Amino acid sequence: TALPISAGQIVFFVKRSSELANDMADFQGGKAYGELKAGQERDLDRTNNEFRTGGKYDDVEDLDQKLEAYKKQFMEFDENHSGDIDLMELKRMMEKLGQAKTHLELKKMIAEVDTNNSGTIHYQEFLNMMLGKRSSILKLILMFEAKKEEKEMPKGVAPKRDLSSLP
């Protein structure tokens with residue numbers, strides 16, 4: 001005969017098994033993390049070379065600098081270095097940029113860019129979005145944030161002013 005199990009016990013077992021699965025994952029950092037990140041950077045460099053030599057984006061000004069900037073941006077947002085930006089990574093990215101979005105809005109943003117219907121944004125799709133002529137919500141937000149960061153803040157001590165110079 002089966003023993004009766006309460007809903008509370010089921011929730012406890014589900015949470016506990018999830019915690020155990022997370023504990024077993026390899027999040028050691030250090031050397032393994034460095035190798036993973038270096039491998040991803042090599043893959044992204046390979047894709048950048050394909051974009052440089054492909055001919056499709058020859059008319060883009062400062063292509064090399066843009067590709068390097070996009071690579072850094074992509075690596076920052078691809079938190080698990082899987083080569084794709086998934087829904088949760090996009091959510092955290094938008095929150096970092098001060099542009100929190102609902103899951104539905106995030107899914108729409110991914111769908112605008114996702115050409116292979118994987119539900120994620122692959123680096124090649126990211127580059128096509130950023131370098132292409134077509135606008136997407138994500139591209140506009142990222143470009144706006146980049147322009148905002150370009151503004152150079154004054155450095156050093158503020159100049160002394162007297163009351164007559166104030167508005």
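The entries below go from the model and its fold to the salt bridges.

**Basis.** I am working with a predicted model, in which local features need pLDDT of at least 70 and side-chain atom pairs count only at pLDDT 80 or more, while totals for chains, interfaces and linings use all residues. I number residues from 1 along each chain as its sequence is written, and side-chain values use heavy atoms, with hydrogens and water left out.

**Fold.** I looked up the secondary structure, taking helices (H or I, at least four residues) and strands (E, at least two) as DSSP runs numbered from the N terminus, and found 7 helices and 2 strands in the chain. Read from the N terminus, the order of elements is α-α-α-β-α-α-β-α-α.

**Surface and contacts.** Of the 167 residues in the chain, 28% are buried, where buried means under 20% relative accessible area, exposed over 50%, and partly exposed in between (1.4 Å probe, protein chains only).

**Salt bridges.** I searched the whole structure for salt bridges (a side-chain nitrogen of Lys or Arg within 4 Å of a carboxyl oxygen of Asp or Glu), and the search gave 7.

One of them pairs aspartate 45 with lysine 71 at 2.7 Å, N to O. This pair links distant parts of the chain, since aspartate 45 sits in helix H2 (residues 30-53) and lysine 71 in helix H3 (residues 63-77), 26 residues apart. I checked the exposure of both partners: aspartate 45 is partly exposed at 27% relative accessible area, whereas lysine 71 is buried at 4%.

Arginine 52 and aspartate 64 form another salt bridge, at 2.5 Å, N to O. Arginine 52 belongs to helix H2 and aspartate 64 to helix H3, so this pair ties together parts 12 residues apart in sequence. Arginine 52 is partly exposed at 25%, and aspartate 64 is partly exposed at 43%.

I also recorded lysine 91 with glutamate 95, at 2.6 Å, N to O. Both lie in helix H4 (residues 87-96), and because they are 4 residues apart, about one helical turn separates them. Glutamate 95 is partly exposed, at 40% relative accessibility.
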